[in-house]
Amino acid sequence: MSAISIRTRRILKNRAFLALCLFSTSATILILALLIASIMVQGSYFLFNSDALSAVFAHGELSQLTKIIRWEFLTNFASRFPEKAGIYAAVIGSLWVCAICALLALPLGIGTAIYLEEFAPKNRWTALVDFNIRNLAGVPSIVYGILGLTAFTRMFGLFGSDKNSALSFGPDNAWWHIQLPFGQGLLAGGLTLMLVVLPIVIISSREALRAVPSSLRQASLAIGATPWQTASKITLPAAIPSILTGAILAMSRAMGEAAPLLVIGIPVFIANTPDNLNDNFTVLPFQIFNWAGRPQESFHQLAASAIVVLLIALICFNGVAVYLRQKLRKPLA
Amino acid sequence: MPDTQPNLAKPATASAPTTTTTSPVSEHITLRVKDFNAWYGAYQALHNITLNIPSQRVTSLIGPSGCGKSTFLRWINRMNDLVANARAQGVMQLDKDDVLDRAFDVVELRRRVGMVFQKPNPFPKSIYENIAFGPRLHKRFHRSDLDALVEQSLRAAAIWDEVKDRLHNSALGLSGGQQQRLCIARAIAVGPEVLLMDEPCSALDPRSTASVEALIRELRQTFTIVVVTHNMQQAARVSDLTAFFFEGKLIEAGPTDGMFTNPKNKQTEDYVTGRFG
């Protein structure tokens, strides 16, 4: 075997590996493109006004530009009639429940990360806690649904199972009217999603804190700062961009969750937006699930339209996360 | 004002500094260390160190890598508390206060004993905020008092003229030598008694090294300074007292001139003449 053929073989192997990588990348992008294209095609019937579309693109009448999108789809409630159906209740419910989830999960998660990273001693017990949190991040979200059902919706049966025997706080028409057990209300949904999202927030915040160079912590401690002063004035501000990115990504995950809310039993059909924290609600992924499960083809098209809206929302979330990460990133050392 | 033109033409021999005007040993001892031992887990890093650090002088700790001089330095301000399995035993007294006592306020200790690290580590904040951070931790200030303190610290670190027009720019925009002088200014802003320096010039170019060394000689009038260095010529240029460490033991300590011209111990002589290290 001459030296030249060994060299040729090496070059060929290099090219073959490059070709393989290129093929994988293209295949991934192709699959994604096909997926998006098919969803767009299926959903276009209920998302766009065909007459307005043809008016603008075929005849060039720009006055019809705002009428291209069927705004009724976004402002109507769900209905038995596909032409009248919309995702208003689902969008409002999603926003509400993600807000509650964020308000609960972010302080708790970031605080836990600060404690575990800056204050907790490094011994077997904290290693066990760390291991458990990492496992919890990988648990299928439907399991959290069962936990939410027992702990929040039914509250272990402590307050009885009859709706009439529930304890209630606050006047009936206030937004903060709460009933124990939480039932299928916003609070129960928000708390269940908080369970799903908490391990992710803890892990990403810990990684963000770990990325801050220890030389900064040492410099701070060496001039007489307490560990809390160091964590709050030096480490946390330096880690905020990464923590923020992780938080936004966790929230975009929460927005796409249907399974845990399915288990706690949110209603299939809802015709109003929630009035208080205990009111019934629905979320966009769940509405999609409902419509996709119906036999009629037009409901499948509705589901596809709703998927398009959900995808746009998720892209915006992720886009904001990437933009913030770029904008706020600055050198630390 | 420190020299901005370092005299690099002069050969860097291990000779005593020619401009010592004060006696190398002062009457007052700031740090008393007796029979001090330190371990990392099962490994004993320091064996029975007995050393007195005099006040308002520069003491340098020299020795080959791994001899324990940095470990010793980090125990003086209890930075080794951050290391999980580090422990120490013995007597270490800072002006009658027992440094090793668990009940002794470590935060107050670190205010009294400042530290400058090998690699300059300014906070990712403005120059002003870097200096103001320390004093603000310990007491409340009026804006004008804080401005005065920042200016005073930057002047004392010989960097005021270079940064006075850009106090609110990021500290990370400074050069390496400037950043190190900023770290020294940050350390002196809290008003310590002792300054610990762990190889402060090893990451700097010769010109910056010269300005930092001149600064150290200047600061001696106000602070007690302990410098760890693996550069013997630097120890000779900068310090009044030298302590030679080897394999965790203190071999010899004494006035710098004597150490380099007439060492009492054979190992010391071998090290300073470069036979090993």
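Colleague: What makes β9(B) and β10(B), residues 249-255 of chain B, a pair, and in which sense do they run?

Modeller: In this predicted model, β9(B) and β10(B) are joined in the antiparallel sense over six bridges. Pairing requires at least two bridges, so the two strands count as paired. Within this pair, B:F244 stands opposite B:E252 of β10(B). The hairpin that the strands form has two residues between them, and B:E247 takes a positive phi near 50° there.

Colleague: How do you know that strand β3 of chain B, residues 58-62, pairs with β9(B), and is the arrangement parallel or antiparallel?

Modeller: Four bridges join β3(B) to β9(B), and the threshold is at least two, so these strands are paired as well. Their arrangement is parallel. B:I62 has B:F244 as its bridge partner in β9(B).

Colleague: Why is β9(B), residues 241-246, called largely enclosed?

Modeller: A residue is buried if 20 or more other C-beta atoms lie within 10 Å of its own. Six of the six residues of β9(B) are buried, so the strand is largely enclosed by the rest of the structure. Both faces are covered: B:L241, B:A243 and B:F245 are buried on one side, and B:T242, B:F244 and B:F246 on the other.

Colleague: Which residues are in contact between chains A and B, in terms of how many each chain gives?

Modeller: Contact is set by C-beta atoms that lie within 7 Å, and 18 residues of chain A are in contact with 20 residues of chain B. On the side of chain A that touches chain B, α8(A) (214-222) and α9(A) (227-255) are the elements that give two or more residues. α8(A) gives the most, with six residues. That side of chain A divides into eleven nonpolar, five polar and two charged residues.

Note on methods. Residues numbered from 1 in each chain as written. Chains lettered and ligands numbered in written order. Predicted model: local features only at pLDDT ≥ 70, side-chain atom pairs only at ≥ 80, totals over all residues. Buried ≥ 20, exposed ≤ 12 C-beta atoms within 10 Å, placed from the backbone. Contact = placed C-beta atoms within 7 Å. Nonpolar A, V, L, I, M, F, W, Y, C, P; charged D, E, K, R; others polar.
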